[in-house]
Amino acid sequence: MTGTSNQSAEEACEAFVAWLDRRVVAAGRGDALDRLEVAPSGTFWLGRLACEDEVQNGAADERSERLDPCAIGIRLRPAGPSPWSMTVTVRARAWVQDPKNGPDPERRWWRSDLVEETVSVLVDTAGGVFGSKQLQDALAAIGAPGLRAEVRVEVEDWHKETELVVQLVNTSPEKAPGLTDSHLYETQLEVGGLPTAPFQLEALPDSFRYDRDVPAYGVNVGVEVPETGVFRTTDTVMVQTFRPTYWIGDSTPPDLAFLTLAHDPLPQLDALVNALAIYDHAHWSPEALDARQAAEGWTADMRAEADKSAAEVFAELKRLETGLEILQTRPEVLRAFQLMNKAIARSAEGRGYAAWRPFQVGFLLSAVRFLVKADDEARYVDTVWFATGGGKTETYLGLLLTAAFFDRLTGKTVGVTAWSRFPLRLLSLQQTQRFADALAGAEMVRKEESIKGAPFSLGFLVGQAGTPNKIVPKSEGDEITPASPGMPDKYRVLLHCPFCRDPELQMRFDRKKWMLEHRCTNQACTTYGRSLPMYVVDQEVFRFLPTVVVGTLDKAASIGLQQAMRGLVGPPRKVCSVEWHGFTYAERSKAPNGCLVPDCQGTVKPLPIEMDAKRFAPSLRLQDELHLLRDSLGAVDSHYESLLDHLQLELCGTRAKIVASSATLTGYDRQVDVLYQRTGRVFPQPGPRAGESFWTAPTTKPLRRFVAVAPRGVTLEHVSDRTLDALQRCVRELVADPAKVCQEAGVDPTHAPLLISLYGTDVVYGTTLYDVEAAGRSLGSNNTVEGINVEQLTGQTEFDDVRAILERLDKPEEDFAERIHVVAASSMLSHGVDVDRLNTMVMLGLPLTTAEFIQTTARVGRRFPGLVYVLHKIGRERDAQTFRHFKQYVRQGDRFVDAIPITRRSRRVLDLTIPGIVNARTLMIREPKSGQRLSTPANLRNYARNAGLTPALETEAVAAVLNLEGAEDSVHLEQIATWIQAWFADLEDPATKAKYIGDLGPHSPMRSLRDVEASAPIHD
Ligand SMILES: [Zn+2]
Ligand SMILES: [Zn+2]
């Protein structure tokens, strides 16, 4: 191999990935093997064909035929009328078993020479069979007498246009004298000489964006077109995607470096908005659409869709123009934006990037109006839509810091600016770290600029599996004490110091302050000797109300149980006089002064007087991975979102702005309406053509090579094991003999160490825990390569194990043999695990949703070319469909994304959420207003009598919270009334068994939004 000198690292990766793929496909087909010890039919999964008899005698349904097919074929649409003439080339081999006393008794199976026969076909509408004799003779000639095959042409004239299905069928008898294996191997079919017309993908709503031509479809295989008019089957379907660029066209991009925007942002922002205006007019004006309609033959429907999209594009442009105007005219907004940039520059130092991508700034401009028109903007949910990741978290952080600085500059000196929620356990430590890094950057800037108020800080609020709700002096049951096993190290959340990046952090429990602290051990660090501004215990979050709270969505349920959650929707009560005790809440028998520190003897002082108590309400609620809020989880959350809105409105008279991110656009507007009772807006608007917009367009640099595999005749697990085995064998060969492998792969040997690092760790991804665990186990026992180190990353993996695995992935061991070779992962991986060294993936079956497919595969190939094997569970209808459309599925994944099933009118869910709503109204609204303690039934009973609380009034209030007051909601209204009557009866009963108010009524408030089964479908 020549031409490898001056090869870039990226070119080397590209060549290496192609070589890896050739080797895996060869392992699947049996290429390059002469002899085998075991039966080939139990080994190979590509290119093989069972015999028709066997398939028909088996459970002859469509499903089993896909699992071990007897034919491969190409579906074509002939351009002219019958008769049709074409040449069909057939390629195949056989495997034959020698008798026991043969030449190699240990390895009795041998591989035949290649059969390559061209069959002439002339066929009319009746179809026909061709080449039987020719192929039988050829198979006999290579030493496999008894094997038979034929070319079968079927004509389907019931479609709108006639379709031909040209197939190679294995017609060998199942058992024939002298025949040891009735399979054909390494089969291929090639059709030429037939003029054809392309298929047209069915019209979808936004089909004006897409190239809808499909030249041919494969039957049990892929099809490639090596030259015009030639169609050839492929064993796998390969789709290459390309790395995007974030600035298109020839014009000079504006300088969006953090430091430029910190210094003098307006000229750059002006240039950006101008460029967008020019682009939008060039592509979306009526004239531009007229021209495309004429050139591409759009239907009236397609044009109407394009007009609708154009209107949304111009509305987006208007929002950016408004954002720019606000920065030009409102000095405090401009200053907040500049300080944010300075802070982001600080937190990005040494990470290889120093500038925004244009779309990130575009989003910030489009969203910034909420700072000055909070009421109006709270009516909208702004959804950030990123088809391929790449900067979503940073974009969030930009918005958060802008809001945090704006708060400080306008008199909010303390309290939560934003509560950022991730679904279930999908908040990764890496993501949390990025939040911490950004806030540390902001804190350094705040100090330098002498901006008043509390230091910027981060709270970590997750379900019980993560960090403690509270720490108690003496444990009752499973409560955590300072002496509990694993304390305090077990609860380390940060991977490194956000101020100085030193990984040597120390966990410490300070009994005096009653705080679980992260401390940096670097003596040069500005925080040395103090705790980092990071709160990981729920009660510390309530005590200190950090600037940003990051956590899991399920924690929203605490609002119905925990009165100190009030700090996340409104003001706390007061401040404890003891230093480091923080804010106080309602008085309880165990907390007589309302301080959350156990046994506090302090008095209480009023809230910071310079600040209006109403400003404690957060201005932002963020929701990551919005598309996952579906089914029961979505329904339950929709009620709790309404409750949060209700409480904040009652306590502070405001509503938070909601910003979300989503991997899907399908139905986001309805989802947002159901979840938040707000209007949805999305940024950025999709461009005029698929994959291309003002904000992003593909380059020629490879991103990911997707390879669809439809395993034949063997189990999916076997294929997964063998694929990983082949990948590991390849890398080990590179370790052992770099010169040889580099020559074979066409790689400059100087890149070998890089390739070993980048392709030496494979991910095997399973959609179920069962699959993941099975994959991990079987690899240990079922491979030809020795010493494969497997680690698991699933929702079951312990917190500190996750951190250790991430660390090993980020900084691999010197010796290849010591490294992690395979990560067996579940969906836990698809959220926020960003490791540049993960570049190969084996996917066990398609994930349930296309969004998960997009997100999961985005974990590999982040910086260097990636390779993804998608093993289809081909017996399943959906996998079979996707295999057929794999190219479109990968390239146009966003339109395959299924609409999100969600409703707020579920009676089952209502039953779960009413108790939390009623309880929260008592804890957060009635109790502080009353000036009494209402935590016990007796106290609440008295209060209810005096305040005139009735079942009818409370029913009306709860229905209003949930917006279930319309005529169509009469059943729900009745359900609420019935529940509240029962609750009242319990309250009025002096003999009630309830000890606390949360125990009143038919059942208690949910402890976690996870109490509902996340995947169970819910109906109106
Ligand atoms: Zn430090
Ligand atoms: Zn106290």
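The legends below describe close-up views of a predicted model.

**View 1. The open sheet has five strands in the order 7-8-9-2-13.** The 5 strands of this open sheet pair in the antiparallel sense. Strand 7 (128-130) and strand 13 (217-219) stand at the edges. Each edge strand has a single partner strand, so one side of each is left without a neighbour in the sheet. From one strand to the next, the twist averages 20 degrees. In a regular strand, side chains alternate between the two faces of the sheet.

View 2. Strand 8 covers residues 149-156 and strand 9 covers residues 163-170. The two strands are antiparallel and are paired over 8 bridges. Alanine 149 has asparagine 170 of strand 9 opposite to it. Helix 4 is formed by residues 132-141. This helix runs at about 150 degrees to strand 8.

**View 3. Strand 15 pairs with strand 10 and with strand 14.** Strand 15 (residues 231-234) is joined to strand 10 (residues 185-192) by 2 bridges, and these strands run antiparallel. Strand 14 (residues 222-224) is joined to strand 15 by 3 bridges, again in the antiparallel sense. Strand 14 and strand 15 form a hairpin with 6 residues between the strands. In this hairpin, glycine 229 takes a positive phi near 85 degrees.

**View 4. Four cysteines coordinate the zinc ion (ligand 1).** The protein donors are the SG atoms of Cys497, Cys500, Cys520 and Cys525, lying 2.3 Å from the ion. Along the chain, the donors follow the spacing C-x2-C-x19-C-x4-C. The arrangement is tetrahedral because the 4 donor atoms around the zinc ion (ligand 1) subtend angles of 101 to 115 degrees. For four tetrahedral donors the ideal angle at a metal is 109.5 degrees. Several of the cysteines here are listed with their relative accessibility. Cysteine 497 counts as buried at 0%. Cysteine 520 is buried at 4%, and cysteine 525 is buried with a relative accessible area of 7%.

View 5. The zinc ion (ligand 2) is coordinated by Cys576 (SG), His581 (ND1), Cys595 (SG) and Cys600 (SG), at 2.1 to 2.3 Å. In sequence these donor residues are spaced C-x4-H-x13-C-x4-C. Cysteine 576 and cysteine 600 link distant parts of the chain, 24 residues apart. Cysteine 576 belongs to strand 24 (residues 574-576). Cysteine 600 sits in the loop between strand 25 (583-584) and strand 26 (604-605). The 4 donor atoms around the zinc ion (ligand 2) subtend angles of 102 to 118 degrees, which makes this arrangement tetrahedral. At 3% relative accessibility, cysteine 576 is buried. Cysteine 600 also counts as buried, at 12% relative accessibility.

**View 6. The model contains 0 disulfides.** A disulfide is a covalent bond between the sulfur atoms of two cysteines. With a cut-off of 2.5 Å between cysteine sulfur atoms, the count comes to 0.

Notes
Residues numbered from 1 in each chain as written. Chains lettered and ligands numbered in written order. Predicted model: local features only at pLDDT ≥ 70, side-chain atom pairs only at ≥ 80, totals over all residues. Heavy atoms only, no water. Pairing = 2+ DSSP bridges. Helix = DSSP H or I, 4+ residues; strand = E, 2+ residues; numbered from the N terminus. Axes fitted to C-alpha atoms, helices over the stretch in contact; angles between N-to-C directions. Contact = heavy atoms within 4.5 Å. Buried < 20%, exposed > 50% of the residue type's maximum accessible area, 1.4 Å probe, protein only. Donors = N, O, S within 2.8 Å, 3.2 Å for Na, K, Ca; no water. Tetrahedral: all angles 85-135°; square planar, octahedral: opposite > 155°, others 65-115°.
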